[in-house]
Amino acid sequence: MASDTGNRLKWPLIVAAILVVVRIVLERLGAPDSINNLLGVAWLHFLVPFYLAYRIQAFGSDRPYRALFKDLFLYSLYTRLMVLVTYWMAYLWQWQSPRFLIARGGNVGEGIGPFEGYLLIPGRNLVVWIVMATVAGLVLGSLLLLIKGRGQKTAGADAG
């Protein structure tokens, strides 16, 4: 089961890592917020649940909803840890990209000390995003599992 999870998560995590790096580069080069926001990993939290549910359904699982939860939790954890590192770098070098500014809930700005800049704000974001992404992903992915599961039961009943 663990190797199945690793196989399912491989490509989504590679795409997320690429997006994290590309976004940092574009932010540092001064790209507009509209472009930077399109390249965030947040969008993947709405797409990856469908991919994972499809893969779980296609290759079978004794407990598809448990597998989906595990995959989504691990995917959210790993992607948010990648983003957490960017917040640490932003605090260290005081990057002025809008997502890092205190006015937008970030960790860079006047009056932010090391505890808040390195631990409190990035940690809060990590926990909130893991919970939100896992719950939203479970809803979205479960819909696909439910629909695909009903389709297979109907096809099986028609054949028998």
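**Overview: confidence of the predicted model.** A residue counts as buried under 20% relative accessible area, as exposed over 50%, and as partly exposed in between (1.4 Å probe, protein chains only). This is a predicted model, in which local features need pLDDT of at least 70 and side-chain atom pairs count only at pLDDT 80 or more, while totals for chains, interfaces and linings use all residues. Residues are numbered from 1 along each chain as its sequence is written, and side-chain values use heavy atoms, with hydrogens and water left out.

**View 1: helix H3 packs against helix H4.** The axes of H3 (residues 44-59) and H4 lie 10 Å apart and form an angle of about 145°, where axes are lines fitted to C-alpha atoms over the stretch in contact and angles run from 0 to 180 degrees between N-to-C directions. On the H3 side, the contact (heavy atoms within 4.5 Å) is made by Leu-44, His-45, Val-48, Pro-49, Leu-52, Ala-53 and Ile-56. The residues that H4 brings to this contact include Pro-64, Ala-67, Leu-68, Asp-71, Leu-72 and Tyr-75, and Ser-76, Thr-79 and Arg-80 of H4 also take part.

**View 2: the salt bridge between Arg-8 and Asp-71.** A search of the whole structure finds four salt bridges, each being a side-chain nitrogen of Lys or Arg within 4 Å of a carboxyl oxygen of Asp or Glu. In this view the side chains of Arg-8 and Asp-71 meet at 2.4 Å, N to O. Arg-8 belongs to helix H1 (residues 2-29) and Asp-71 to helix H4, so that the pair links distant parts of the chain, 63 residues apart. Arg-8 counts as buried because its relative accessibility is 7%, and Asp-71 is buried too, because its relative accessible area is 0%.

**View 3: Arg-23 and Glu-27 within helix H1.** The side chains of Glu-27 and Arg-23 meet in a salt bridge of 3.2 Å, N to O. Both residues lie in H1, four residues apart, which is about one turn of the helix. Glu-27 is buried, with a relative accessible area of 9%, and Arg-23 also counts as buried, at 12% relative accessibility. A network of salt bridges links Arg-23, Glu-27 and Arg-99.

**View 4: Asp-33 reaches the loop between H4 and H5.** Asp-33 forms a salt bridge with Arg-104, and the closest N and O atoms of the pair are 3.7 Å apart. Because Asp-33 lies in helix H2 (residues 33-38) and Arg-104 in the loop between H4 and H5, the pair ties together parts that are 71 residues apart in sequence. Asp-33 is partly exposed, with a relative accessible area of 32%, whereas Arg-104 is exposed, at 51%.

**View 5: the surroundings of Leu-126.** Leu-126 is found in helix H5 and is buried because its relative accessible area is 17%. When residues up to four places away in sequence are not counted, Leu-126 touches Arg-80 and Leu-81. Leu-126 and Leu-84 are 42 residues apart in sequence, and their C-alpha atoms are 6.8 Å apart in space.

Methods:
Helices (H or I, at least four residues) and strands (E, at least two) are DSSP runs, numbered from the N terminus.
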